[in-house]
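Subject: Structure handover and notes on its interfaces

Hi,

As promised, here is the structure we talked about.

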Amino acid sequence: MHFTSAPDTATIHQLIARAQAYKRDPFPAEAPGRHRTLINLFFNPSLRTRLSTEKAGYQLGFQVITMDMAGGWQLEFEDGAVMNLEKAEHVREAAGVLSQYCDVLAVRSFPGLEDREADYEDRIITAFKTYATVPVVSLESAIRHPLQSLADCVTIAEHALHLRTRPKVVLTWAPHPRRLPQAVANSFAEWMLAWGEVDLVIANPPGFDLAERFRAGTQVLHDQREALRGADFVYAKNWSSYDDYGATAELPDWIVDEDKMALTNNAYFMHCLPVRRNVVVSDGVLNSDRSLVLQQANNRTWAAQAVLGVL
Amino acid sequence: MHFTSAPDTATIHQLIARAQAYKRDPFPAEAPGRHRTLINLFFNPSLRTRLSTEKAGYQLGFQVITMDMAGGWQLEFEDGAVMNLEKAEHVREAAGVLSQYCDVLAVRSFPGLEDREADYEDRIITAFKTYATVPVVSLESAIRHPLQSLADCVTIAEHALHLRTRPKVVLTWAPHPRRLPQAVANSFAEWMLAWGEVDLVIANPPGFDLAERFRAGTQVLHDQREALRGADFVYAKNWSSYDDYGATAELPDWIVDEDKMALTNNAYFMHCLPVRRNVVVSDGVLNSDRSLVLQQANNRTWAAQAVLGVL
Amino acid sequence: MHFTSAPDTATIHQLIARAQAYKRDPFPAEAPGRHRTLINLFFNPSLRTRLSTEKAGYQLGFQVITMDMAGGWQLEFEDGAVMNLEKAEHVREAAGVLSQYCDVLAVRSFPGLEDREADYEDRIITAFKTYATVPVVSLESAIRHPLQSLADCVTIAEHALHLRTRPKVVLTWAPHPRRLPQAVANSFAEWMLAWGEVDLVIANPPGFDLAERFRAGTQVLHDQREALRGADFVYAKNWSSYDDYGATAELPDWIVDEDKMALTNNAYFMHCLPVRRNVVVSDGVLNSDRSLVLQQANNRTWAAQAVLGVL
């Protein structure tokens, strides 16, 4: 009913097929959203996710309402709290009320990157799943970004058909001046494993291993060049440390550039965007015809339609 | 033409009936909003009001445009002003221009709680009524919240059918850490009186009597327990002082809890939300099956459709 | 394909005719926006432009998505930049991604008024034109406001029919407490010249001449009274200095008042709004039946439909 993490193998295949069907024909004859309301609730800012989800909603026939809570509305999550401080509303009421105004409730939230345990409880999305009476869709939560991962699966599926063998996909840590969540990387690993169609290798510096539950079953290498050898897809992404929670590191050598791409099997380059040019990836790689970053962004719309179309 | 306060008895009955009809069938065959535009203008933030009004607009077939002015746009209200300071536009032009972009203009504004006379002139909504050339709908003004009150009437009507006698409705002041407007309480009293279907009693601490024009004709008690005795509906709400304008008081004993509800005729509990748990009302009362807070929020949509559907 | 400055004479006549057709019948039988998406991207705040463009989009049948970037999202424009500072995304990716989410991309941006050369490169709108793969519409750029100018042409056309001779149109600088862009004045001059239906005279204080490329071919007078003599239309607008870039001046005598209007041929008064009463223009002039400011604002909708309807 909810869509907040990776579903099972069979369902991932169905979602990819459905996304591709919507990509060919975005406007279903029987609009699944007809006379229904989609609320997009943003506790943190968003560009791609907001635009692609709104567009997906419209194309399915939903009444789409987007609500920006950034800076505005502090929710209480503790049961039994005496609410005499800043928090104006308990998530029980918030989720209950919002459920009455919509048929699908999509929620974006970021981690604080201060308290690992709290972040990994994925409190906001979990509370909305608990108290909402309509399907809840994650538009990125503290620790996962499943619509991005579905779009990434679609993109890989579109470009892996010519390969004679299972594609080798390398998720590589890359430099970034700011402290970023682990959500995209966590979800990507989770989906690749659940999908079962690729061999995933994760490359990251020592101290930047993802949480055990997300990297379990995946080879993790601390030598980026070794990992990239023979790769068919290179997915670059920065994330802050899980072990030394929220810490980052200045490691400019981890940039993905033409030299490193030369180690691969003429791999496609992927990134979820926005991307820092010449920090995460060189201009040469990003401007080359092996870069799939725009296709990934495009597939966000069809991924969202695939998910929203059956809720 | 406008909708900014309580209409007469007959019209309240019609509005309730219309709201209930939309609740049974939200999508009229002949959409009253077809090829028409609803602009929602927010000078102050809103969650429930915004979502329910947007949804109502969509369900009636309106083109819905929501505009958030918070922090942005300072209007001049004085005639003859030399506008060489912060205020960028006179309400004459603002209302005149907005009227050309829509068929219904809905406006939310809050009081400053500093200058009682200015607030009680209800300057923003009054100016829009004066200068707009389309119907103006209050989405809460400095001193009234009529769409909330209409939703409250619908909620009481739905739960009073089984009663053998006229329901006793108690509007009780409740504690709150912040200084709040009197708007919800003013409107609730105004509508209960105009509706004529209930016996209203207001309970509040000394110094917190509502303005004479809103409490006239209503029994006001300063003893909460005495007021609650035999109540069929308990409506809790904090408001700051009208007499010592904008002042508040720490009176935690005014919380509505199970002990106090035991004094009533197994009353329903009502609140307009958001509500501070264990400050305004105890968890036990709010979680009980006598709590109507979610139904009230739900009825906001149908109240908005009832009003917008004939403008 | 794009709409960012004045088109040629023939096309201006077509646009005016199309705007007037939409004004008579806003809802085309074959909606040009059906199954298409319009994204309105605001790097700076907007009231009239946003509302009229959204309404135009809806009336043409577009799926309309408005995105407020103010304060949020810093774009990199330099090629080859090492993006390790504040700028989170390069305009290449931003424009490329947005192009995949819409069929028409409308963009508003303001000048910084610090660096004339940078402003007059009109960097944001130019970059979007370069990298977007869908038509780009200016909702006001650093140096032009073409949708305003088209609405002004429509307004003048509507009120010039009775004139026996070519109308004399005077664009006059007027006082204002803040430093304003030259965009509206630049565009107005550009469109009047390209339209070829009026005789334009520009009146401004010494030091406030518009950039050569915008005033070329137009008479510029530094004596306001001389300029106003015999005018059929008086268009008032403040702009900061182009020569002493961004500077302003306290010249209250440049207000447009009844005395000055008495010098004209019973001229109509025009302003793009918002307007500072009794600073830019006197109450008497603005409240008179010769004031066209509300008609201008109204024509914004039809101007936007005329442009969006063929993209």
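This is a predicted model: local features need pLDDT of at least 70, side-chain atom pairs count only at pLDDT 80 or more; totals for chains, interfaces and linings use all residues.

**Chain B with chain C**

Let me start with the contact between chains B and C. On the chain B side 29 residues take part, and they are in contact with 28 residues of chain C. Together the two chains bury about 2500 Å², with 58% of that area on carbon and sulfur atoms.

Several elements of chain B each supply at least two residues to the side that touches chain C: the strands β1 (37-42), β2 (63-68) and β4 (89-90), and the helix α3 (91-101). Of these, α3(B) gives the most, with seven residues. By class, this side of chain B has 15 nonpolar, nine polar and five charged residues.

Two salt bridges cross the interface of chain B and chain C. One to look at joins the side chains of R48(C) and E89(B), at 2.7 Å from N to O.

Over all chains, the salt bridges come to 36. In the R48(C) pair, the arginine sits in helix α2 (residues 48-59) of chain C, while E89(B) belongs to strand β4 of chain B.

**Chain A with chain C**

Next is the contact of chain A with chain C, which takes 28 residues from chain A and 29 residues from chain C. Here too the buried area is about 2500 Å², 58% of it on carbon and sulfur atoms.

The interface of chain A and chain C has two salt bridges. R277(A) forms a salt bridge with E93(C), and their closest N and O atoms are 2.7 Å apart. Polar contacts between chain A and chain C number 13 residue pairs, again with both residues at pLDDT 80 or more. On the side of chain A that touches chain C, α2, α11 (283-287) and α12 (293-308) each supply at least two residues. The biggest share comes from α2(A), with eight residues. This side of chain A divides into 12 nonpolar, eight polar and eight charged residues.

**The second largest pocket**

Finally, have a look at the second largest pocket, with a volume of about 1200 Å³. It is lined by 31 residues, and those nearest its centre are G61(A), F62(A), G61(B), F62(B) and G61(C). At least two lining residues come from each of these elements: α2 (48-59) and β2 (63-68) of chain A, α2 (48-59) and β2 of chain B, and β2 (63-68) of chain C. The lining is made up of 17 nonpolar, 11 polar and three charged residues.

Happy to go through any of this with you.

Best wishes

Terms used: Residues are numbered from 1 along each chain as its sequence is written. Chains are lettered from A and ligands numbered from 1 in the order in which they are written. Side-chain values use heavy atoms; hydrogens and water are left out. Contact means heavy atoms within 4.5 Å. Buried area is the accessible area (1.4 Å probe) that two parts lose on being put together, summed over both. A salt bridge is a side-chain nitrogen of Lys or Arg within 4 Å of a carboxyl oxygen of Asp or Glu. Helices (H or I, at least four residues) and strands (E, at least two) are DSSP runs, numbered from the N terminus. Ala, Val, Leu, Ile, Met, Phe, Trp, Tyr, Cys and Pro count as nonpolar, Asp, Glu, Lys and Arg as charged, and the others, Gly among them, as polar. On a 1 Å grid over the protein atoms alone, a cavity is a set of points where a 1.4 Å probe fits but cannot get out, and a pocket is an open set with protein on both sides within 12 Å along at least five of seven lines; lining residues have an atom within 4 Å of a point. Grid points are joined across faces, edges and corners, and a volume is the space filled by probe spheres set on the points. A polar contact is a pair of N or O atoms within 3.5 Å; within protein, one must be able to donate a hydrogen and the other to accept it, and residues adjacent in sequence count only if both atoms are side-chain atoms.
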